[in-house]
There are 2 protein chains.
Amino acid sequence: MHSLPDKPAWLSRVAILGVGLLGGSVGMSLRRSGIHVRGYSRRQSSCQDAIAAAAVDDAFTDLATACEGCQVVVIAAPVDKIAELAIAANDCLAADALITDVGSTKARIVAEIESLSPATSQKFVAAHPIAGSEKTGVQNACPDLLDGKAVILTPGADTATASLDRAKAFWRQTGGRILTMTPQQHDDRLAAVSHLPHLVSSLLASLLDEPSMPLIGSGWKDMTRVASGDPTMWTAICQHNRDAILAQIDRLSAELAVMREKLADPDTTSLMQWLQDAKARKDATQ
Amino acid sequence: MHSLPDKPAWLSRVAILGVGLLGGSVGMSLRRSGIHVRGYSRRQSSCQDAIAAAAVDDAFTDLATACEGCQVVVIAAPVDKIAELAIAANDCLAADALITDVGSTKARIVAEIESLSPATSQKFVAAHPIAGSEKTGVQNACPDLLDGKAVILTPGADTATASLDRAKAFWRQTGGRILTMTPQQHDDRLAAVSHLPHLVSSLLASLLDEPSMPLIGSGWKDMTRVASGDPTMWTAICQHNRDAILAQIDRLSAELAVMREKLADPDTTSLMQWLQDAKARKDATQ
């Protein structure tokens, strides 16, 4: 098992709002340290599923009940629901409680909370654990999903220093490694390494025609794996981070044209060099 | 173990020219049926590696010695070396022997052999097993790599019917499932499902910048896996199938522009539908 830090004295009860793959994995990771985890879902059946999967100790369809006595609330909902849930949770919490999330975009969520609820902003530390899957649902959650994974924290201008300190300790307790940057830095970089690749994966899948299907190999399968992701979740991500993703699409289009020129050149020197450079860049990440 | 057909009576000895990942796996697959497999490599050290990996029974640096008494010669060399090796092997073989290959492109190889050596053309059945890896070398070969995988046969105008029949039986003996199409159909479809995705994978890898590296997740890793492939091999593939790949790049560019429009639209209906369609297309392949 991944070596976890000693549980901070102040941390004994956590609420997870939305217990799917990621929320469920956060719950399971915390339960390894003996932390009491409460689930919240609007649907009773989801509450039962979360308990059955051992992702939470108990679960409630009432937000105030779920949050009661919790030092930390983790919002694991689609990105377009996070600000609203954070503000609602704030009313149920003690003054020194922490609110955090797992959303794949950050700038718009932080800005929405700042403009709508300064009190929530002080408690809120936006977070993004770089962990997940094209799979969904608490039945695919696992306790070690976050172990050793980067968790990006993007505090806003109003975030209290004490909240940021607690957020670091909290996310370390899930098994994560903490990185801190601004919300916009996060969104620009995620557009490059996650949101654009996701759309390209969908694009490759959409281009598949019937006669080519029997010729599919492992390369195509790997490249289109994430195209199986939840369209609703990805539509919300695209909407939240539209400008940064558009900029990445334009960058890709320009580089695709450069690559086309190299390929069209009967002298293969430049294409070979380009393939070598790309391989070196890939191999450097391993 | 995959259920293999009974070994045809005529098939007892096979030469593999080039015993790397794929050639080695073909050799191992055949040895399961008690077929004697001979390796050929220009380097003595590669011959020793092939024997040490149990991919072949024996191995030689002399082509004529390797081919002697073989009913089948399998050329597992880079695509730009296959025609030359097929013609050289033809001189060492009986009249009813079969020459086949594992190259990722077909039209140019078939055309080259047709124009340079009609006698070789009769024996030659171009083949492409849809199996492989970004890894290379006989140390990564395995006996079941071809089990259940599609093996595309693309006979030319001069290919003898008897050669095609033997090729079908031979490739079934490796564990493969036989599909037959024209060399150009193969190349057009492979450009779509393999060669374009490979270049896109390299493109995504090449776009990675330093500050984004800590934010890489499993999606980026999967999409850039094949970018680790051998640049020399892929340069040869690109050169052989240039026109079909250029056509696929143009198709991708056009569809990328359509996708960009959907993303830029504040009304997300069209983007959501597109993501759903891409997911459905992907999920239909599983």
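Here are some worked exercises on the predicted model shown above.

**Exercise 1. The two domains of chain A**

Find which residue ranges make up the domains of chain A, and describe how domain 1 touches domain 2.

*Solution.* 
- Step 1: Start with the bounds. The assignment places domain 1 of chain A at 13–181 and domain 2 at 186–283.
- Step 2: Locate the centres. Taken over C-alpha atoms, the centres of domain 1 and domain 2 of chain A are 31 Å apart.
- Step 3: Turn to the contact, to which domain 1 of chain A gives 14 residues and domain 2 of chain A gives 16 residues.
- Step 4: Sort the domain 1 side by class. It holds five nonpolar, five polar and four charged residues.

**Exercise 2. The six-stranded sheet of chain A**

Work out the strand order of the open sheet of six strands in chain A, then say what packs on the sheet.

*Solution.* 
- Step 1: Read across the sheet. The order in chain A is β3-β2-β1-β4-β5-β6, with parallel pairing.
- Step 2: Pick out the edges. β3 (58–60) and β6 (124–125) of chain A each pair on one side only.
- Step 3: Look at one pair in detail. β1 (residues 13–17) and β4 (residues 72–75) of chain A run parallel and are joined by four bridges. Within this pair, L17(A) sits opposite I75(A) of β4(A).

**Exercise 3. The three-stranded sheet of chain B**

Trace the open sheet of three strands in chain B and find the handedness of the crossover from β8(B) to β9(B).

*Solution.* 
- Step 1: β7 (127–129) and β9 of chain B are the edge strands.
- Step 2: Take the antiparallel pair. Three bridges link β7(B) and β8(B), and P129(B) has V151(B) in β8(B) as its bridge partner.
- Step 3: Take the parallel pair. β8 (residues 150–153) and β9 (residues 177–180) of chain B share four bridges, with I152(B) opposite L179(B).
- Step 4: Follow the chain between them. It passes from β8(B) through helix α7 (residues 161–173) to β9(B), making a right-handed β-α-β crossover.

**Exercise 4. A covered helix in chain B**

How many residues of helix α1 of chain B are buried, and what covers them?

*Solution.* 
- Step 1: Count. In α1 (residues 21–31) of chain B, 10 of the 11 residues are buried, which leaves the helix mostly covered.
- Step 2: Name some of them. The buried residues include L22(B), V26(B), M28(B) and L30(B).
- Step 3: Find the cover. Among the elements over these residues are β1 (13–17), β2 (36–40), α2 (44–52) and β4 (72–75) of chain B, along with β7 and α7 of chain B.

**Exercise 5. Where the chains meet**

Which element gives the largest share of the side of chain A that touches chain B?

*Solution.* 
- Step 1: Begin with the totals. In this contact, 68 residues of chain A meet 68 residues of chain B.
- Step 2: List contributors. Elements of chain A that each supply at least two residues include β8 (150–153), α8 (183–206) and α11 (242–264).
- Step 3: α8(A) gives the largest share, 15 residues.
- Step 4: Sort by class. The chain A side has 39 nonpolar, 17 polar and 12 charged residues.

Key: Residues numbered from 1 in each chain as written. Chains lettered and ligands numbered in written order. Predicted model: local features only at pLDDT ≥ 70, side-chain atom pairs only at ≥ 80, totals over all residues. Domains from an automatic or database assignment. Contact = placed C-beta atoms within 7 Å. Nonpolar A, V, L, I, M, F, W, Y, C, P; charged D, E, K, R; others polar. Pairing = 2+ DSSP bridges. Right-handed = clockwise from strand over helix to strand, strands pointing away. Buried ≥ 20, exposed ≤ 12 C-beta atoms within 10 Å, placed from the backbone. Axes fitted to C-alpha atoms, helices over the stretch in contact; angles between N-to-C directions.
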